[in-house]
Amino acid sequence: MAKKRSGGGLSRTQQAARFLGVSVLAGAVLAGIALPAAGALGLAAKGSVEGFDEIPANLKRPPLSQKTTILDADGGRIASVYSRDRTVVDLEDISPYMRKAIVAIEDERFYEHGAIDLKGILRALNKNAQNGGVSQGASTLTQQYVKNVFVEEAGDDADKVAEATQPTIGRKVKELKYAIQVEEELGKRKILENYLNITFFGQQAYGVEAAAQRYFSTSAKDLKLEEAALLAGLVQSPSRYDPVNDEKEATKRRNTVLQRMADLGDIPQSRADAAKRKPIRLDVSKPRNGCITATSDAGFFCDYVREVFHQDRAFGKTRKERAKRWNQGGMTIRTTLDPQAQDAVRTSINNHVRQTDKVATAVTLIEPGTGRIMGMGQSRPYGFGDHETEINLSVDKRMGGSNYGFQVGSTFKPFTAAAALEQGVPTSKTYPAPYKIKYPSPVQTCKGPWVNNEGATVSNELRSEVGPYALKEATAKSVNTYFVQMISDIGVCPVTDMAASLGVRMGNGEKLPQVPSVTLGSATISPLAMANAYATFANRGTHCTPVAIDSATNADGKKLSVPRTSCRKVMSEKTADTMNTLLRGVVEDGTGKQAGLSGRDSAGKTGTTDNRVAAWFVGYTPNLAGAVWVGSPTTKVPMENISIGGQYYPKVFGGGVPGPIWRDAMGGALQGKPAPGLPTVPIEDPHEDKPDRGDHGGGNDNGDDDENPWPDISFPPNLIGGGDGGPFDIGGQGRGRKQ
């Protein structure tokens, strides 16, 4: 690197640079841009010395942006994402034909001159003078490399790109000075390597490795003579000589390169002639960029990983830093996605819900104790066409999901039960739980008492459902009036606090509403949040935050810090084990019987919302938890007299459609895996021997084994607690394409 001498004078390199800046600049500029000779020469001579000295001494060479590869937990490729499709390779991994071809056509005296080719400048000046314009430039490969560095640093900023490529004397001055520095620091081999890795070859391919893959589906190392000549010819004008769109023009340009190589003695004339006679044989690999290209229907999980990267401070202090790092690329990100679990999710969805159905489904699987997201999918594919969407129906709005999430129905009731148990309420707690009641009033909330000024009522699904009930039977049958009486006793605040400790919040990021109807699932929540909450029961009361990334490395193979799960005890093991017992009863002989897994312990809860616009099953085993939502993304399709997956349903219930989806996804994900038992506690039902009051559970072939929390009820606004625009608007359809 050039430095000032101790006496204050300029080093030899700086003296040479200054001399070149004065004596050569006018000719070099005139050879490279079209300006009137007298005016340009005068401007160059007048300002070159001062401008040359004021340019910073060091060229900042940003790391080249490359593609990032996203892998599943076993190392299988999910997708590649990039702002520049580039893979940096060493010079030894580039075909000798390619190295010779690019030098022959772009800078034949590359190994003979320094940063500036004086003979080339004079030749270009003479040629341009003869033609009365600019028909030939004199930029060396080194100068071209420097220009490409400026363009790379500009990124996708159109103004900065224009500034980096504008045909002005100021830019040429900078280019000349930095070319001198680069020649001194890097040497010819490294300059050639960097040039071949940075330059644009058309068809979204940056660098020779990406170009070889794009046009010939091969590596840069294995390029043949005629292939290398074609790629070298593209650099001057990638659009004009594009072989995909104009084979004739591309052939002429390729043959020009071959002849130049022969003229320079790089190849015999006979080899050049033989190569010229060959037709262009392309084997084009189409660009595969972004989560839309993800394998195994993992596009939405891929998009979730992208959102995690942009939002988590592990990848940078500010969002701007994180975005820059993502666009820089070159990373390998290994995720938590389990191939077996993802395949089971995809298969189950395809077997039960069609892409063109009026309603959709979303499925998320998560591992208790680690928070690792094992599977994520939905029936509406990632895309922009009919019956496709960019909205990830499994996650919150801030992570690319719907504006609010979806009402969860009775799958919220376990949070009320857990809050009551933590407060010391026994499982034998009995409420009258008649078919229909007015909401008790007043009810304590985190914000003071809630009062039923409108006289709102709540009823059970069946008129035969009348108490008294204790907790076990009320949970198995999902008795609405029981849970309304329970939350009225213990207050809303303990219930919403319990849910929040399990990671549950509204899909729009807001806190849960402070209203008694929250126990019936009036809040709008995402499937991922529900699956993660139920995983806490399986993990004996310890909640772990969801994670999607196991590890990441940068382009140099250096490990990057990644977000880690955070685990915290939020309820006693006794409470969690009691919840296991209660929820196991749901799948054994309650509303979730159709979701039961054979050969392993499982527990869960069904849910159906008002007007049947959504149906749920959320459940778990000791080693996997999952949530299934079925409904219209706009929440405007009542699921009655409807066909889903080619099957007709008079009414959709949580146990009837989501339950089997959950069963098949979980069963496939766990096939061949250990089947430990769920820790449980003995629970006696004080009303077990009472006379039969009508069977609300078990075995109805039509799936009518579930509950509707709000039959024939219209809630006043202070009971629902929905956000602006209503709790059902998924919104977000205007977001741009993502990578």
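Counted in sequence order along the chain, the bonded cysteines pair as 1-2, 3-4, 5-6. A disulfide is here a pair of cysteine sulfur atoms within 2.5 Å, and a search of the whole structure finds three of them. The structure is a predicted model, in which local features need pLDDT of at least 70 and side-chain atom pairs count only at pLDDT 80 or more, while totals for chains, interfaces and linings use all residues. Residues are numbered from 1 along each chain as its sequence is written, and side-chain values use heavy atoms, with hydrogens and water left out.

Confidence comes next. The pLDDT, the predictor's confidence in each residue on a scale from 0 to 100, averages 85 over the chain, and 82% of the residues score at least 70. Residues 1–49 stay under 50, and the model gives them 72 contacts (heavy atoms within 4.5 Å) beyond four places in sequence. Residues 691–718 are also below 50 in pLDDT, with 95 contacts beyond near neighbours in sequence. Where pLDDT is low, the predicted coordinates should not be read in detail.

Now to the bonds themselves, with helices (H or I, at least four residues) and strands (E, at least two) taken as DSSP runs numbered from the N terminus. Cysteine 291 and cysteine 302 are joined with an S to S distance of 2.1 Å. This link is left-handed, at -70 degrees about the S-S bond. It connects distant parts of the chain, eleven residues apart: cysteine 291 lies in the loop between α13 (269–277) and α14 (299–311), and cysteine 302 in helix α14. Both cysteine 291 and cysteine 302 are buried, where buried means under 20% relative accessible area, exposed over 50%, and partly exposed in between (1.4 Å probe, protein chains only).

The disulfide of cysteine 446 and cysteine 493 has an S to S distance of 1.9 Å and is right-handed, with 95 degrees about the S-S bond. The two cysteines are 47 residues apart, with cysteine 446 in the loop between β8 (443–445) and β9 (448–450) and cysteine 493 in helix α20 (residues 492–501). Cysteine 446 has 38% relative accessibility and therefore counts as partly exposed.

In the disulfide of cysteine 544 and cysteine 567, the sulfur atoms are 2.1 Å apart. Its torsion about the S-S bond is about 115 degrees, so this disulfide is right-handed. The bond links strand β12 (residues 542–544), which holds cysteine 544, to strand β14 (residues 567–569), which holds cysteine 567, 23 residues apart. Cysteine 544 is buried because its relative accessible area is 4%, whereas cysteine 567, at 41% relative accessibility, counts as partly exposed.
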